Amino acid sequence: MLSEIEIRDIAAHRGHYADVRAVVPEALKIVQGHRGWISDEAVADIAAYLDLTPDEVDAVATFYNLLFRRPVGRHVILLCDSVSCHLTGYDALREHLASRLGIGLGETTSDGRFTLLPVACLGLCEQAPAMMVDEDVHGNLTPQKMDEALACYD
Amino acid sequence: MTEPLREKPLTRNIRPGAEPLDLRAYEASGGYQGLRRALKMTPEEIQQEVMKSNLRGRGGAGFPTGKKWTFVPMGEGARRPKYLVVNADEMEPGTMKDRFLMEGDPHQVVEGAIIAAYAVQADVAYIFLRWAYKLSTRRLARAIAEAREAGYLGKNVLGSGWALEMHLHTSAGRYMCGDETGLLDALQGRRATPRSKPPYPQVVGLWGKPTVVNNVETVACVPHIAARGAEWFRSLSHTGDGGTKIFGASGRLRRPGLWELPMGTTLREIIEEHAGGMADGLRLRGLLPGGASTEFLTAEHLDTRMDFSEVQKVGSRMGTGTVVVLDDRNCPVGMLLTLERFFARESCGWCTPCREGLPWVVRTLEALESGCGEPRDLEVLDMHARLLGPGATFCALAPGAAEPLVGALRHFRADFERHVAEKRCPWRQPCP
């Protein structure tokens, strides 16, 4: 069952579209915002509320990069691996994170603090290399600046 | 060639690091005068004015904006509702210009979208924004709310009798959403797969209704054309393409950044003057003129003027106009591998050459980079460069992926051959 707050948030967007299906991406983002990720149960809950089949909702949930169909840590690090960041030090940053946190791409630290994911160009190319942590952007990264930035998330 | 006016309409209100202008300050700077002027004209007159301005779509394809609008069915017989969608799903690697405009002057984007919607008599406008642009989300949401409050949106826009509603749609991340028809499917709450064209979205678009999709920078130009006219807009440019352009440069440069310059500014001026040239001790090996889906150029092309026609003459495309520079300490094969990994990962899997070909290209490049390359691999890459090209797929992702592949094979062939001959990447330490 969706919570009252989830229903209220989804309902606020429903009227923006000519067809109920169009609210599915927003509904998935809202539920992920409350629950951290999209479980099978969450898919079924959204489908029931919008009168769609679970498969119709899951087709969307499994397509978009930033909808998480598996649990993630308390903070998600999105490390940009596109061309400008590649040219300016992406490899060194990824290796630094691997040794520092003990995780590779797609993995979560054993204490559940961080999940590391690849992301396509963040549009911070003039500040490359760059990453996002949760909703914050960090540019002009070096391994040291990365450590300083990550220290703020517990 | 006549000397362009040195005005910077798009960035006149942008102060990087500072809060953008709110509605009142934007109005005080002349904001919404373009809309007021547009509403005194007929939609067809606005279409003609934008056509005369030679504004070409800034998303990368360069299709004339006014002409795109003329394909929309007009008049009483047109099917409704009609839609205007601003493509703010900027995700082309190496491209950060739309973020700069949305964060820096959100009302300019909103005003441009309203005028574009008026020009095609749209009933509803969406700004389709990528998930990662959090600051843009907040600032655009506020600008839309302020515009609604002030009567620039709603049931009777500035008393004109025309109604427009505007919604901000934030996506959940996928490069395919930037494709015009993939975007429409994404907006309808489906997987973003491309549609067959024709019919074109202007006739059969969102929910089957007439729809125009315009890029952020394109709509940002529109208020200025409406306020000051087509002739003025054309005189901002060095060349036949109208207006200024937000150019950018990234890579190992002294001052990577973004600048509003006359359309037709040379690559040399962008890289050497504005970006300050290469970082210490580095030499320019090559460049992508406008994002990941444009062909490599080299130092011999630096005097090329950056506009949609001129860059095509030297075998590439201006694309998004944000240059990515390759230096001599980075391996060209490694750079190409990064580009192709992106395309392979972002492919939606709808068309065979893209779904099957791109992973094949990636595996071949990985083999070259790890010292397992064979002479035959270059033929394999040449083959895919052909198979991924225009006409074999529904959307432009695969042809886009083919462009840097073709360019790298042309300009850096000797580097590929060295990888094969030496059985290693020459830019890395040999294996112990």
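Visitor: Which residue is the bridge partner of L288(B) in β8(B)?
Guide: V324(B) is the bridge partner of L288(B) there. Keep in mind that this is a predicted model.

Visitor: And the bridge partner of L287(B)? Which one is that?
Guide: L287(B) has V325(B) of β8(B) as its bridge partner.

Visitor: How many bridges join β7(B) to β8(B), and do the strands run parallel or antiparallel?
Guide: There are 4 bridges between β7(B), and strand β8 (residues 322-327) of chain B, and the two run antiparallel.

Visitor: How many residues of β7(B) are buried?
Guide: 4 of 5. Strand β7 (residues 284-288) of chain B is mostly covered.

Visitor: What is the strand order in the sheet?
Guide: The order is β6-β5-β8-β7 in chain B. The sheet is open, has 4 strands and shows mixed pairing.

Visitor: Which are the edge strands?
Guide: β6 and β7 of chain B, each of which pairs on one side only. On average, neighbouring strands of the sheet are turned by 30° against each other, direction ignored.

Visitor: Which helix packs on the sheet?
Guide: Helix α5 (residues 97-104) of chain B does, touching β5, β6 and β8 of chain B. The direction of α5 makes about 120° with that of β5(B).

Visitor: Switching to α9(B). How many of its residues are buried?
Guide: 12 of the 13 residues of helix α9 (residues 216-228) of chain B are buried, so the helix is largely enclosed by the rest of the structure. Among the buried ones are E217(B), H224(B) and P223(B).

Visitor: What comes just after α9(B)?
Guide: G229(B), with a positive phi of about 95°.

Visitor: Now the chains. How many residues of chain B are in contact with chain A?
Guide: 42 residues of chain B, in contact with 33 residues of chain A. β5 (244-251), β6 (257-262), β8 and α13 (332-346) of chain B each supply at least two residues of that side.

Visitor: Where does the largest share come from?
Guide: From α13(B), with 5 residues. By class, the side of chain B that touches chain A has 19 nonpolar, 14 polar and 9 charged residues.

Visitor: Last topic, chain A. At what angle do α3(A) and α4(A) pack?
Guide: Helix α3 (residues 40-50) of chain A and helix α4 (residues 54-61) of chain A pack at about 120°, with axes 8 Å apart. That angle makes α3(A) oblique to α4(A). Their crossing is right-handed.

Visitor: Which residues make the contact?
Guide: V43(A), A44(A), I46(A) and A47(A) on α3(A), with P54(A), E56(A), V57(A), D58(A) and A61(A) on α4(A). The contact has 7 nonpolar, no polar and 2 charged residues.

Key:
Residues are numbered from 1 along each chain as its sequence is written. Chains are lettered from A and ligands numbered from 1 in the order in which they are written. This is a predicted model: local features need pLDDT of at least 70, side-chain atom pairs count only at pLDDT 80 or more; totals for chains, interfaces and linings use all residues. Axes are lines fitted to C-alpha atoms, for helices over the stretch in contact, and angles run from 0 to 180 degrees between N-to-C directions. Angles under 35 degrees count as roughly parallel, over 145 as roughly antiparallel, 65 to 115 as roughly perpendicular and the rest as oblique. A crossing is left-handed if the near helix is turned anticlockwise from the far one by less than a right angle, and right-handed if clockwise. Two residues are in contact if their C-beta atoms, placed from the backbone, lie within 7 Å. Ala, Val, Leu, Ile, Met, Phe, Trp, Tyr, Cys and Pro count as nonpolar, Asp, Glu, Lys and Arg as charged, and the others, Gly among them, as polar. A residue is buried if 20 or more other C-beta atoms lie within 10 Å of its own, exposed if 12 or fewer, and partly exposed in between; C-beta atoms are placed from the backbone. Two strands pair if DSSP finds at least two bridges between them.
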